[in-house]
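Hi everyone, thanks for making time this morning.

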Amino acid sequence: LTLVSELKKSIYNNELSVFVQPKVNLQSRAVRSVEALIRWKHPTRGMIFPDQFIPFAEQTGLIRDVTLWMIAEAAKVSVAWLQKGMSIPIAVNISARDLIDSDFPNKVAEILKATGSNTSLISLEVTESSIMDDPHRAKQTLLHLSEMGIKLAIDDFGTGYSSLSYLKELPVSELKIDKSFVMHIEASQNDRIIVNSTIELAHNMGLHVVAEGVENIDAWKSLQEMGCDYGQGYYMSRPIPISDFETWYQQWA
Ligand code: G
Ligand code: G
Ligand code: NA
Ligand code: MN
């Protein structure tokens with residue numbers, strides 16, 4: 001069996017699963033939201049991480065079904081959490097392929113309607129580079145999603161080649177600084193300079209900032225001093241199965 005036919009089946013065979021990692025307010029420690037991260041529990045190969053199959057799903061077009069599956073799962077979980085009083089937004093990663101599909105926003109709307117989930121509790125993360133694949137079409141899709149009330153984040157900021165003047169025109173509310181700049185913030189003065197100016201830039205553009213790759217308390221403190229709004233990383237939690245999140249959340253509070 002080829003990976004493509006296996007991946008196609010995985011969607012219907014319950015082999016895909018959702019892990020989550022919290023984004024936390026660096027001043028108050030409050031949990032702001034979670035990012036949903038896909039995992040493939042392959043029956044014989046074991047756990048397959050997204051880096052090993054998402055690029056492949058993108059090349060074959062299977063990513064559309066994968067993305068819609070993730071959004072549907074996130075929407076269902078969001079409804080269940082809300083019933084328990086947990087009003088925590090869930091962010092799903094989308095791909096370049098999704099951004100050029102003019103019907104994508106309608107499909108998202110259908111899923112949200114069918115699951116009865118609150119639009120404001122589902123957000124989407126888009127990498128810089130996936131936007132720059134086809135900036136014009138990406139902008140149309142993002143505008144449509146934004147008009148539906150969906151919050152949007154720019155992911156992996158700093159690793160792409162997007163022009164800031166272009167990003168300024170997009171209806172995004174969050175900028176995520178790539179973990180490669182944050183992980184060595186203690187040791188590298190260059191990284192500190194990059195992170196600091198990115199925070200300032202984002203704030204000047206009216207965006208809030210999430211630093212990814214927060215691995216220890218020193219990084220947290222440096223980011224806090226720089227005025228970074230939120231952090232995400234191993235120091236708070238590794239990505240965990242979504243069913244474990246409630247326990248983590250209770251312990252964190
Ligand atoms: O979860 P992990 O840290 O291994 O994620 C590795 C990469 O895979 C990250 O860049 C992440 O954004 C991406 N990724 C994780 N889940 C999804 C998903 O559901 N859809 C897409 N398109 N990318 C994902
Ligand atoms: O590209 P994206 O931002 O979606 O990447 C998320 C990826 O980063 C996931 O693979 C996740 O496992 C990983 N990740 C999350 N927190 C940390 C961290 O603190 N350090 C490192 N090295 N990786 C992290
Ligand atoms: Na992401
Ligand atoms: Mn990222």
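Let me begin with a definition: two strands count as paired if DSSP finds at least two bridges between them. Helices (H or I, at least four residues) and strands (E, at least two) are DSSP runs, numbered from the N terminus. Some housekeeping too: this is a predicted model, where local features need pLDDT of at least 70, side-chain atom pairs count only at pLDDT 80 or more, and totals for chains, interfaces and linings use all residues. Residues are numbered from 1 along each chain as its sequence is written, while chains are lettered from A and ligands numbered from 1 in the order in which they are written.

Which strands does β1 pair with? Its antiparallel partners include β10 (residues 240-241), joined by 2 bridges, and there F19 stands opposite P241. Another 2 bridges join β1 to β9 (residues 230-232), also antiparallel, with V24 opposite G231. Then comes β2, antiparallel again, with 9 bridges to β1; here Q21 faces E35. Between β1 and β2 the hairpin has 5 residues, and R29 takes a positive phi near 70°.

Is β1 buried or exposed? Of its 10 residues, 8 are buried, so the strand is largely enclosed by the rest of the structure. Buried here means 20 or more other C-beta atoms within 10 Å of the residue's own, exposed means 12 or fewer, and partly exposed is in between, with C-beta atoms placed from the backbone. Across the protein chain, buried residues make up 40% of the 253.

On to the ligands. A residue is near a molecule if its C-beta atom, placed from the backbone, lies within 6 Å of it. The shell around ligand 1 includes L37, I38, F49, P50, D51 and P239. Both β2 (31-42) and α2 (50-60) supply at least two residues each, and α2 gives the most, with 3. By class that shell has 7 nonpolar, 2 polar and 1 charged residues. For the classes, Ala, Val, Leu, Ile, Met, Phe, Trp, Tyr, Cys and Pro are nonpolar, Asp, Glu, Lys and Arg charged, and the others, Gly among them, polar.

Ligand 2 has 14 residues around it, the closest being G213, E215, G233, Y234 and P239. Its shell divides into 5 nonpolar, 4 polar and 5 charged. Happy to take questions!
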